[in-house]
Amino acid sequence: MSAVRQLGLPMTQADPGIDVDTVEIWEVAPRDGLQAESVTLDADTKVELIERLAQAGARIIEAGSFVRADRVPQMADSAEVLTRAAALEVRTPVLVPNLRGYELARAAGADDIAVFLSVTESFSQQNLGAARATMETVAGEVVARAIADGVRVRGYLSMVFGDPWEGAVATDEVVRLASVMRSWGVEQLSLGDTIGVATPGQVRGIVRALVDSGIPVGEIALHMHDTYGMAVANVHAGLEEGVRVFDAAAGGVGGCPFARSATGNLATDDLVWMLEGLGIRTGIDLDALTETSIWLTRALGKAPTSRVATALSR
Ligand code: MG
């Protein structure tokens, strides 16, 4: 008989370097996850996904994106999904690229949105289809309207830790754009490792540079991708620096078409396993979450990239 016992939960030991007992997980599978998958799920399945995630204990679930349907057909039914998810007792923010998207989101009942900017010019042109300066103007207009309307706003920064065309990213540019977004009044900044190249020392360096520039660590979230298997290590570095909000996608769905890897977003399953192992409460039931991850990836015709979901489903 094997001496190895299969555990359904991690061994738990608090880390003396991390003084926190609860963190917030910003679940992005229905939006960031699904928009990057080649299979498009129907609205019923998306609503079921959001319901299952809420049932598993997720409290913030990004529900969709009001981008052009001809460019991102996976998100074409975001209005219907958002309207149907409104019955749930969870936050369901949506991504909004411009004023047109903002108006569509508001018409569908959105009172919680996110805007985005690329730190690099190349990604802005290649992926967002506009120059960085243009995007900055457009996003600023959306945030001004949202704040006047009493809508909650989060700001995403893409390509914070490395860019496939430009290579290294200047920390000064990250700090500048973060400060711009903060001056608009966004309540939180999510730092995106869009291609998943960050390593823990870099995460620490960027968070410290932002904090040194006057941005409270409580307003910073980390959005890591697991391309090189560094996502949970990067979250751990963020935890040590005082970050308390982490983005993740059930089953690790999604990703970036510009990253040379089949892996995508940090899997919520892997994140929860580490956090619970550190004695940090997430409010998420790992069994219910991994069941959802397996169900979701099956619907997408693939296997989860999450190690934890894979291990627990054996
Ligand atoms: Mg992502």
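Predicted model: local features only at pLDDT ≥ 70, side-chain atom pairs only at ≥ 80, totals over all residues.
Q: Why is the contact between Arg-52 and Glu-48 called a salt bridge?
A: The N to O distance between their side chains is 3.1 Å. The cut-off is within 4 Å, for a side-chain nitrogen of Lys or Arg and a carboxyl oxygen of Asp or Glu, so the pair counts.

Q: Buried or exposed, or in between: what is Arg-52 called, and why?
A: Arg-52 has 26% relative accessibility. Buried needs under 20% and exposed needs over 50%, so Arg-52 counts as partly exposed.

Q: What makes the Arg-176 and Glu-136 pair a salt bridge?
A: Their closest N and O atoms are 3.6 Å apart, and the limit is within 4 Å, so the pair passes. Arg-176 lies in helix α7 (residues 171–184) and Glu-136 in helix α6 (residues 132–148), so the bridge ties together parts 40 residues apart in sequence. Arg-176 itself is partly exposed, with a relative accessible area of 33%.

Q: How do you know that Arg-152 and Glu-187 form a salt bridge?
A: Their side chains meet at 2.7 Å, N to O, which is within 4 Å, so the label holds. Arg-152 is in strand β6 (residues 152–158) and Glu-187 in the loop between α7 and β7 (188–192), so this pair ties together parts 35 residues apart.

Q: Which residues do salt bridges with shared partners join into one network?
A: Glu-121, Arg-132, Glu-136, Glu-173 and Arg-176. The structure holds 20 salt bridges.

Q: Why do Asp-32, His-223, His-225 and Asn-265 count as coordinating the magnesium ion?
A: The atoms involved are Asp-32 OD, His-223 NE2, His-225 NE2 and Asn-265 OD1, at 1.9 to 2.1 Å. The donor cut-off here is within 2.8 Å of the metal, so they qualify. Along the chain, the donors follow the spacing D-x190-H-x1-H-x39-N.

Q: Where do Asp-32 and Asn-265 lie in the chain?
A: Asp-32 is in helix α1 (residues 29–35), and Asn-265 is in the loop between β9 (245–248) and α10 (268–277). They are 233 residues apart, and the pair links distant parts of the chain.

Conventions. Residues numbered from 1 in each chain as written. Heavy atoms only, no water. Donors = N, O, S within 2.8 Å, 3.2 Å for Na, K, Ca; no water. Helix = DSSP H or I, 4+ residues; strand = E, 2+ residues; numbered from the N terminus. Buried < 20%, exposed > 50% of the residue type's maximum accessible area, 1.4 Å probe, protein only.
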